[in-house]
Amino acid sequence: MSKKIAIGGDHAGFDYKQQLVTFLEKEGYEVKDFGPFSDASVDYPDYVHPLCDAIESGEFRQGIVVCGSGNGVAITANKHQGIRAAICWNNDLAALSRQHNDANVISIPARFVPYELAQEMVGTFLNTEFEGGRHANRVNKIACK
């Protein structure tokens, strides 16, 4: 398992992002924070696109995006052909996003889940493997050519 992780989001996810960086570093991850770097209002695509570019280039295997609803950052991430971003609001979804969809980005809705659950979902996401098998055929059909 790669111990490098990319993280980013928007102003509404700033506090959770900061806490997750600390958590991940304590878990031994090398974290690249794509921003934002304060809770001042920002445009999330300015941070999510570079994060996704870094995953698509192979610099990172997985990423975490955090915003108020999880929607804007996930929609932006999923514009990239090599990204499968999953909005998660419980631990089962975090596990299934990896097991069945080989998601490589987890999207956290900071305004709708407590931080402790966000941290638990990130841990599950990062430690759950893709099952492959029948799911691989489906995943291979996701990207537009």
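The legends below accompany close-up views of a predicted model.

**View 1**
In an unreviewed UniProt entry, the feature "active site" is placed at Cys67 and His100. These positions are spread over 34 residues of sequence, and they are spread in space as well, with up to 24.0 Å between C-alpha atoms. The next two views take each residue in turn.

Cys67 belongs to strand 3, which covers residues 63-67. Its relative accessibility is 3%, so Cys67 counts as buried, the limit for that class being under 20%. Leaving out residues up to four places away in sequence, Cys67 touches Asp10, Ala12, Gly13, Gly72 and Val73, and also Ile108, Pro109, Ala110 and Arg111.

**View 1. Surroundings of His100.**
His100 is located in the loop that runs between helix 4 (91-99) and strand 5 (105-109). Because its relative accessibility is 28%, His100 counts as partly exposed. Residues up to four places away in sequence aside, His100 touches Phe130, Glu131, His135 and Val139. The loop between helix 4 and strand 5 also holds Asp102. Asp102 is not a glycine, yet it has a positive phi of about 50 degrees.

**View 2. The largest nonpolar core.**
This core has 25 residues, and those touching the most other members are Tyr16, Leu20, Leu24, Ile64, Ile106, Ile108 and Val122. Two or more residues are given to this core by each of strand 1 (4-9), helix 1 (14-26), strand 3, strand 5 and helix 5 (115-127). Helix 5 makes the greatest contribution to this core, with six residues. Apart from this core lies another, of 16 residues, with Ala6, Leu51, Ile55 and Cys67 among them.

**View 3. Contacts of Tyr16.**
Tyr16 is one of the residues that touch the most other members of the largest nonpolar core. With neighbours within four places in sequence set aside, Tyr16 is in contact with Val66, Ile108, Ala110, Val113, Pro114, Tyr115 and Ala118.

**View 4. Ile5 and its contacts.**
Ile5 is a residue of strand 1. A relative accessible area of 1% means that Ile5 is buried. Glu30 lies 25 residues from Ile5 in sequence, while their C-alpha atoms are 6.3 Å apart in space. Not counting residues up to four places away in sequence, Ile5 touches Tyr29, Glu30, Val31 and Lys32, as well as Phe60, Gln62, Gly63 and Ile64, together with Leu24 and Leu126.

**View 5. The cis peptide bond at Pro36.**
Gly35 and Pro36 are joined by a cis peptide bond, for which omega is about 10 degrees. Pro36 has its place in the loop between strand 2 (30-33) and helix 2 (45-56).

**View 6. The largest pocket.**
Rolling a probe the size of a water molecule over the atoms shows where empty space is left. The largest pocket has a volume of about 170 Å³. Its lining is made up of 13 residues, and Asn78, Ile83, Arg84, Ala85 and Ile142 are those that lie nearest the centre of the pocket. By class, the lining of the largest pocket divides into seven nonpolar residues, five polar residues and one charged residue.

Notes: Residues are numbered from 1 along each chain as its sequence is written. This is a predicted model: local features need pLDDT of at least 70, side-chain atom pairs count only at pLDDT 80 or more; totals for chains, interfaces and linings use all residues. Side-chain values use heavy atoms; hydrogens and water are left out. On a 1 Å grid over the protein atoms alone, a cavity is a set of points where a 1.4 Å probe fits but cannot get out, and a pocket is an open set with protein on both sides within 12 Å along at least five of seven lines; lining residues have an atom within 4 Å of a point. Grid points are joined across faces, edges and corners, and a volume is the space filled by probe spheres set on the points. Ala, Val, Leu, Ile, Met, Phe, Trp, Tyr, Cys and Pro count as nonpolar, Asp, Glu, Lys and Arg as charged, and the others, Gly among them, as polar. UniProt positions are given in the numbering used here, feature names are shortened, and annotations may be inferred rather than shown by experiment. Helices (H or I, at least four residues) and strands (E, at least two) are DSSP runs, numbered from the N terminus. Buried means under 20% relative accessible area, exposed over 50%, partly exposed in between (1.4 Å probe, protein chains only). Contact means heavy atoms within 4.5 Å. A nonpolar core is a set of buried Ala, Val, Leu, Ile, Met, Phe, Trp, Tyr and Cys residues joined through side-chain atoms within 4.5 Å.
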